[in-house]
Structure formats: C-alpha cells, structure tokens
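Hello,

Here is the structure I promised to pass on to you. Please have a look at it first, and then read my notes below.

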Amino acid sequence: MRTVLHCHPAFPVGPVRPRLFGSFVEHFGRCVYGGIYEPGHPKADEEGLRGDVLDLVRELGVTVVRYPGGNFVSGYRWEDGVGPVRDRPVRLDGSWRSVETNRFGLGEFAGWAAKAGVETMLAVNLGTRGVQEALDLLEYANHPGGTRLSDQRVADGTGDPLGIRMWCLGNEMDGPWQTGHKTATEYGRLAAETARAMRMLDPGLELVACGSSGSGMPTFGEWEHTVLELAYDLVDHVSAHAYYEATPEDPGSFLASAVDMDRMIEAVVATADAVGAKLKSRKRIMVSFDEWNVWYQSRLGDCLPKDWTVAPRISEDAYTVSDAVVVGNLLISLLRHADRVAAACQAQLVNAIAPIRAEPGGPAWRQTIFHPFAQAARHARGTVLQTRLSGPTYETARYGEVPVVDATAVHDADAGLLTVFAVSRHRTEPVPLRLDLAALPGYDLVEHSVLADPDPLAVNSRAEPERVTPGDATGAARRTETALDVTLPPTSWNVLRLR
Ligand code: AHR
C-alpha cells in the first residue's frame, strides 16, 4: 500500500525561518578545544581556528550557534574567558568533570562566528549567578563604548559591539543535574527579573526562558506553565530540548522519534497559549528548540572522565544511517511546526554529539547525520506547506501507531521550486510514495536524493569518511498527469526537488 502526500500552495504553515538550522557549541568534551579551536593544527589559522572545520560548518549551512552551554554555562564565569589569555584562570568544570583553561572565550567565539558566517545565540548563567552578571555580560557584548565593560571589550581586542540579539536565560534549570537547579517558581522569578533588567538596557533583545529538558521530565508542562505565568510579558521564546537513542530491542520506536518531537512542540505551544489566554494576552510565545539530536546518553557514563583533564573525549558518537534518518525526520518535524518554532539548534556541532568529527592534528569529516541537515538547510527555502499523508502505519512500543512514511513540503513560489523531505521508517521493504500534484500541475522532478544503505548501521569514520553519502534515484521516478510516484528504500532519508 502506498503513502500519498497531499499539499496545496494556498495552505501554508509559515515561512522557513533561517534560525531553524541552528547548532550548538558548548565547552563540552572536544567541541571547542580540539574541535573548532586547535592552535598548531596544520589547518588552523593565526587565531587557532581550524579551517577544515570552518569549511564543513559553512557546508553544513548552519545559521545560528548557541554558546557556551549547556550544562557548562550554569557554573561559568564569563569574565574568565576575556582579557589577556595569560591572565585567564584555569578552573574546574563540574558539569563535565573537565579542566577549563579559558583560552577560548567570548571574543574567540565571536571571531569564529564571524568567520563561519553564523549568528550568535548567547546563554547567561542563571545557575550560580543572577541578574547583575547577565547585565554585565550584555554591556560587555553589545554596548558600543564609553562604559567600563564596553571599553574593556575594545581593550581586549574584540572591538565592535557584537550585536547579539537572542539570549537564553539559563539552561535546563528544571534538571536536578543542573548546577543551581531550581523549582519552576524560583526559576520563573529569576528569569523574569533578569529579562526585565536586560530589556532596560536593550528593549530589542529576544529572550528565551528555559522550558523542559525533555518531554519525559516529571515536571513537563507544569514547568512551562509556571515559568510563563511569571515571565510571559518579558520573554519571547520558551526552550525545548530532546535527545533520542536507538535501543537494539526497539528499533521501530527509535525510527519514530519525531512523533515525540511533534507532540512535545504541540504540548509546549498549547501550554504557552493557555497561559496567554489566562493573561488575556495577544502575544504568542514561540518555541526555541535549542537542543535536539540523536545522542547515545546511555554510553555517557562510560566516557565521563575519572580524572580531571582538559577537553576529554566525551560522547563522540559515531552515527549510523538509521541515526541520520531519525535526524532527517526531526528536521521534518521542526519544519512542520514552522509557525511556532522560531529557532532550533542541533546539539552539538563538532566531536561531541556532532555532525562533524575532527581528530587532533588529523582530518575532519562528515558524519552520516551531516547530510540530512546540510540538505534541509540548503533546500528548505520559501514556505512550509500543510501536508496530509495517508498510508500504511505500524505499531510502536513507545508511541503507538505511527505512519511508515513521514514527510513535509516546502514551496518557493518565487523560484518555482517545490521540495519534499521524506523518510521511510520501514526497516526491510522499499515503500511507494505518491506526491499528489493536482494543485501544482507544472512541477516535475529535478532530483531525488536518497540516503540509505543495505547496512542501516553503517557509519562514516576516519578510515572511511565517505562510506555513507547521499545517492541519486532520480531516474526511477514516474510522473503521471496529476502525481509523481517514487520509491523510498528501507530506512531512508529522501529529498525530492521539483521545478
Ligand atoms: O548537549 C549536551 C547537554 O545536554 C547540554 O549541556 C545540556 O543542556 C543537555 O542536557
């Protein structure tokens, strides 16, 4: 039985927001040290920034990068990372049991972001710190000059104001693992007061309140409700975080992980709108899905360092074809909610839970999950269309009955392009997909790109960096008068471009 995808250009979800293709750089494992920054590497520039990694970041199509954490930020003193490097203190980072040299800080990150051509999303520490330190950081980063902290920025060589618009008010403050973890009421009050004070310095900022660190948190829903009741008028976005992991006994649920993301976004939006209704507000809070990915967290215990070292190898997961299909499906979910998801950051960018791997003194390469992100960032231009999918389903232990094929469609009316992103969650058989083109009669297939492999556990590695790359299936498609018929291989990510 085939899946049929219906869409109509008159029924949009909303424009594709560039910030949907965000990423995340945390002082975590070898994301910074030995990832984006490795002085002495043959491809590093005069600032110690790896040129090969920068090239891959640009190819990935990342638009905005959240920095510097993550759990790390909740014990971080931003002042440690500015000023002359020789004066910067070496500290313990309890969140990742690592030694932080502070050789890399805000100025270095701003320089890297400029070279990568990405916007910076900055997180402030609301774990061990509060309103004053957030104000100091804002003044240091964004004020033009003539004040102690802005002049210090100039003296430090960072120069022009950084113009950072989007600020996260802490990180995962609902999580008991978080340094300075708080109740929803404690955090909601602190977030509101921090936001109020930051807006006094710059009313144009976009502020993100911490939502839940996962849909499985016991406080999920209640947390967002309480925090937003306290901070609704003062923030623009509420964050959402989600990580998924395959288990050998239940691959079917893993492949359907995007069902959880769909439900999480819809639940957060419903909760935010309920608070808005209660407050009689016409303002709509948006979701900043600022951490998402496949992450083998169950292996984290094995790789967390026993000794205190600088930039230990943590969570350098080697991603499979299956993982890439799930990542593609999560991108479909984010696009499908383009009306309410203002930003999204894949966590993270290099080495730790990342689409890019880099070895010390050695090469950098694309993991399997690099490809769906890069293709979506490149081809999702224009307006996301509402879609109706009818077709076969299968039963999962975690999410009940789910569709075998999931897809979304993006229409660029000006360029005359229609792009369909589709995954097949079928693990053994190819499945047919029909695009109903009755409402888009002039369109025909330009390219059908497929990421799939006879071995769904195949990975890219230093030895075989190109083992898994997208292939071409354009020739196999069939255009009829009102439809396009294609076949999706088992466990596959597909990009169908029509003109
Ligand atoms: O991205 C890794 C970690 O996951 C982040 O530091 C934290 O916010 C989340 O729990």
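**What surrounds the ligand**

Sorted by class, the shell around the ligand consists of six nonpolar, four polar and three charged residues. Please keep in mind as you read that this is a predicted model.

Let me stay with the ligand for a moment. In total, 13 residues surround the ligand, and the closest are Glu26, Asn71, Glu172, Tyr243 and Glu291. The space that the ligand takes up is the largest pocket.

- Glutamate 172 has a polar side-chain atom 2.7 Å from an oxygen atom of the ligand.
- Asparagine 71 takes part through its backbone, where a polar atom is 2.9 Å from an oxygen atom of the ligand.
- Glutamine 348 has an N or O atom in its side chain that is 3.0 Å from an oxygen atom of the ligand.

How much of the ligand does the protein bury? Taken alone, the ligand exposes 280 Å², and 97% of that is buried by the protein.

**A link across the sequence**

The structure holds 38 salt bridges. One of them is formed by glutamate 59 and arginine 366, whose closest N and O atoms are 2.8 Å apart. Glutamate 59 belongs to helix α1 (residues 51-60) and arginine 366 to strand β14 (residues 364-366), so this pair ties together parts that lie 307 residues apart in sequence.

**Backbone details to look at**

Two cis peptide bonds deserve a visit. Tyrosine 67 and proline 68 are joined by a cis peptide bond, with omega at about 0 degrees. You will find proline 68 in the loop between β3 (64-67) and β4 (91-93). A cis peptide bond also joins glycine 69 and glycine 70, and here omega is about 15 degrees. Glycine 70 is likewise placed in the loop between β3 and β4.

Arginine 97 sits in the loop between β4 and β5 (98-100).

Enjoy exploring, and write back whenever you like.

Best wishes

How values were computed
Residues numbered from 1 in each chain as written. Predicted model: local features only at pLDDT ≥ 70, side-chain atom pairs only at ≥ 80, totals over all residues. Heavy atoms only, no water. Near = heavy atom within 4 Å. Polar contact = N/O pair within 3.5 Å; in protein donor to acceptor, adjacent residues only side chain to side chain. Areas by Shrake-Rupley, 256 points an atom, 1.4 Å probe, with all protein chains shown as cover. 1 Å grid on protein atoms, 1.4 Å probe; cavity = no way out; pocket = protein on both sides within 12 Å on 5 of 7 lines; lining within 4 Å. Sits in = over half its atoms within 2 Å of the grid points. Nonpolar A, V, L, I, M, F, W, Y, C, P; charged D, E, K, R; others polar. Salt bridge = Lys/Arg side-chain N within 4 Å of Asp/Glu carboxyl O. Helix = DSSP H or I, 4+ residues; strand = E, 2+ residues; numbered from the N terminus.
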